[in-house]
Amino acid sequence: MNQDAGKFTKTELIVFAVMLAVALGAWGITTWIQSKKDIGSVEITVNGELFGEYQLAKDQSIDIGGHNTLEIKDGKAKMVHANCPDQLCTYMDAIDERGGFIACLPNGVLVMGEPSENARKNGSAIDGAAY
């Protein structure tokens, strides 16, 4: 009877470990990329008319009719400029993957956050009725 039956050589163990590491790395990268794609979005309306829809995954600054500026950075949308006298919209909480809203009533601007699928599944999405 062969005593080495069922034992792996050192080379076979190294090859197996490398293959496992590559598979786990590919799975981790794929999961991370997918999670970055779906971190929610915002919809901007001006006086009830759709101005645009933007993904929270892409950092950008959006000029809203020369009156307001919305900044999307690191998965959050924040009103950083408004030419209205009270500036209340610039003090509102940022919209993130859970959703939310920002309103600039003098300029008729409404920014509504659409929660990510993950936030909906785990129950962390902001309920519109809570407002």
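There are 0 disulfides in this structure, a disulfide being a pair of cysteine sulfur atoms within 2.5 Å. Keep in mind that this is a predicted model, where local features need pLDDT of at least 70, side-chain atom pairs count only at pLDDT 80 or more, and totals for chains, interfaces and linings use all residues. Residues are numbered from 1 along each chain as its sequence is written, and side-chain values use heavy atoms, with hydrogens and water left out.

**Cysteines**
- For cysteine 84, the closest cysteine sulfur sits in cysteine 104, 3.6 Å away, which is too far for a bond.
- Cysteine 89 is in no disulfide either, with the sulfur of cysteine 104 nearest at 3.9 Å.
- Cysteine 84 is buried at 6% relative accessible area, and cysteine 89 is buried at 2% (buried is under 20%, exposed over 50%, partly exposed in between, with a 1.4 Å probe and protein chains only).

- Phenylalanine 16 sits in helix H1, residues 10-37 (helices are DSSP runs of H or I with at least four residues, strands are E runs of at least two, numbered from the N terminus).
- Phenylalanine 16 is exposed, at 52% relative accessible area.
- Together with Leu20, Leu24 and Trp27, Phe16 makes a nonpolar surface patch of about 490 Å² (patch residues have over 30% relative accessible area and no salt bridge, with nonpolar side chains joined within 5 Å and like charges within 9 Å).

**Serine 41**
- Strand E1, residues 41-46, is where serine 41 is found.
- Serine 41 counts as buried, with 16% relative accessibility.
- Beyond neighbours within four places in sequence, serine 41 is in contact (heavy atoms within 4.5 Å) with Tyr54, Gln55, Leu56, Met112, Gly113 and Glu114.

Conventions:
Areas by Shrake-Rupley, 256 points an atom, 1.4 Å probe, with all protein chains shown as cover. Salt bridge = Lys/Arg side-chain N within 4 Å of Asp/Glu carboxyl O.
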